[in-house]
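Subject: Handing over the structure

Hello,

Here is the structure I promised to pass on to you. Please have a look at it first, and then read my notes below.

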Amino acid sequence: MRILLFLLLMSGLTYQTQGQEMYDLHPCGTVLGRSPWLINYQANPHLFARRTGETLYVPLTIHIVGNNDGSNFYREQNLVQALCTLNADFAPSGIQFYVSGQIRYIRSTEYSSHSTIHKGAEMMFKYNVPNTINTYFVGNASSFCGYNLPYAGIAISQNCAKPSDHTWAHEIGHHFAIPHPFLG
């Protein structure tokens with residue numbers, strides 16, 4: 001009986017330590033569910049105006065967040081390629097994104113690797129630019145690949161922001177009130 005109890009205890013410790021790896025990221029930190037707008041749209045699609053064939057251009061403000069010492073910043077080369085992937089993902093919908101203004105660099109270790117979404121919201125309220133979709137590329141976005149705060153902005157972990165990743169498109173889909181873009 002003691003041996004069985006010991007084996008169960010050891011397997012539980014092994015499982016717990018594996019789940020605590022720094023870069024073991026969860027796919028999406030956005031809360032599941034449909035927004036009131038989406039519920040209304042799905043119930044009454046005929047009440048909403050349809051767009052013409054024109055492309056809708058959407059401005060983005062890009063914030064690249066690194067450490068206090070100037071390390072761990074997302075590379076601009078990756079950003080350009082990730083923007084191309086984002087635009088390719090949204091091309092069928094007639095939406096194209098562009099960088100509005102200069103890329104903003106933030107030296108803040110506490111924001112670069114934030115452990116709570118509340119800390120990410122604090123960062124966004126401090127640095128957001130109005131009338132654009134604010135996107136923050138950080139080292140670790142609260143242990144998620146990314147999350148969208150509809151009232152603030154989008155945070156994306158660098159490990160999930162490689163040029164061919166679709167995390168950015170997924171989170172912008174949340175910004176547009178889509179419950180879980182590209183997942184069925």
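A disulfide here is a pair of cysteine sulfur atoms within 2.5 Å. By this rule, the count comes to 1 disulfide. Please keep in mind as you read that this is a predicted model.

The disulfide joins C145 and C160, whose sulfur atoms are 2.1 Å apart. The link of C145 and C160 is left-handed, with -45° about the S-S bond. C145 sits in the loop between β6 (140-141) and β7, and C160 sits in the loop between β8 and α6, so the pair ties together parts that are 15 residues apart in sequence. C84, in contrast, counts as exposed, at 53% relative accessibility.

Next, the strand β8. Is it enclosed or open to the outside? All 5 of the 5 residues of β8 (residues 153-157) are buried, so this strand is largely enclosed by the rest of the structure. In a regular strand the side chains alternate between the two faces of the sheet. In β8, G153, A155 and S157 point one way, while I154 and I156 point the other way, and all are buried.

β8 also has partners to look at. With strand β5 (residues 133-138), β8 pairs in the parallel sense over 4 bridges, and V138 stands opposite S157 of β8. With strand β7 (residues 146-149), β8 pairs in the antiparallel sense over 4 bridges, and here L149 stands opposite G153. β7 and β8 form a hairpin, with 3 residues between them.

Now to the nonpolar cores. Which residues touch the most other members of the largest one? Of its 20 residues, they are L60, L86, F97, F137, W168 and I172. At least two residues of this core come from each of β1 (56-66), α3 (76-90), β2, β5, β8 and α6 (167-175). The most is given by α3, with 5 residues. A second, separate core has 13 residues, including A121, M123, M124 and V138.

Leaving aside neighbours within four places in sequence, W168 is in contact with L60, I62, L79, A82, L83, L86, T135, F137 and I156.

I62 leads on to another residue, Q102. I62 and Q102 are 40 residues apart in sequence, and their C-alpha atoms are 7.8 Å apart in space. Q102 is found in the loop between β2 (95-99) and β3 (104-107), and it counts as exposed, at 67% relative accessibility.

Finally, the charged side chains. Side chains of opposite charge can pair when their charged atoms come close. The structure holds 2 salt bridges. In one, the side chains of K119 and E110 meet at 3.1 Å, N to O. In the other, K119 pairs with E122, the closest N and O atoms being 3.2 Å apart. E122 and K119 are 3 residues apart in helix α5 (residues 117-127), so about one helical turn separates them. Salt bridges that share partners join E110, K119 and E122 into one network. K119 is partly exposed at 23% relative accessibility, E110 is partly exposed with a relative accessible area of 45%, and E122 is partly exposed with a relative accessible area of 37%.

Enjoy exploring, and write back any time.

Best wishes

Key
Residues numbered from 1 in each chain as written. Predicted model: local features only at pLDDT ≥ 70, side-chain atom pairs only at ≥ 80, totals over all residues. Heavy atoms only, no water. Buried < 20%, exposed > 50% of the residue type's maximum accessible area, 1.4 Å probe, protein only. Pairing = 2+ DSSP bridges. Core = buried A, V, L, I, M, F, W, Y, C linked by side-chain atoms within 4.5 Å. Contact = heavy atoms within 4.5 Å. Salt bridge = Lys/Arg side-chain N within 4 Å of Asp/Glu carboxyl O.
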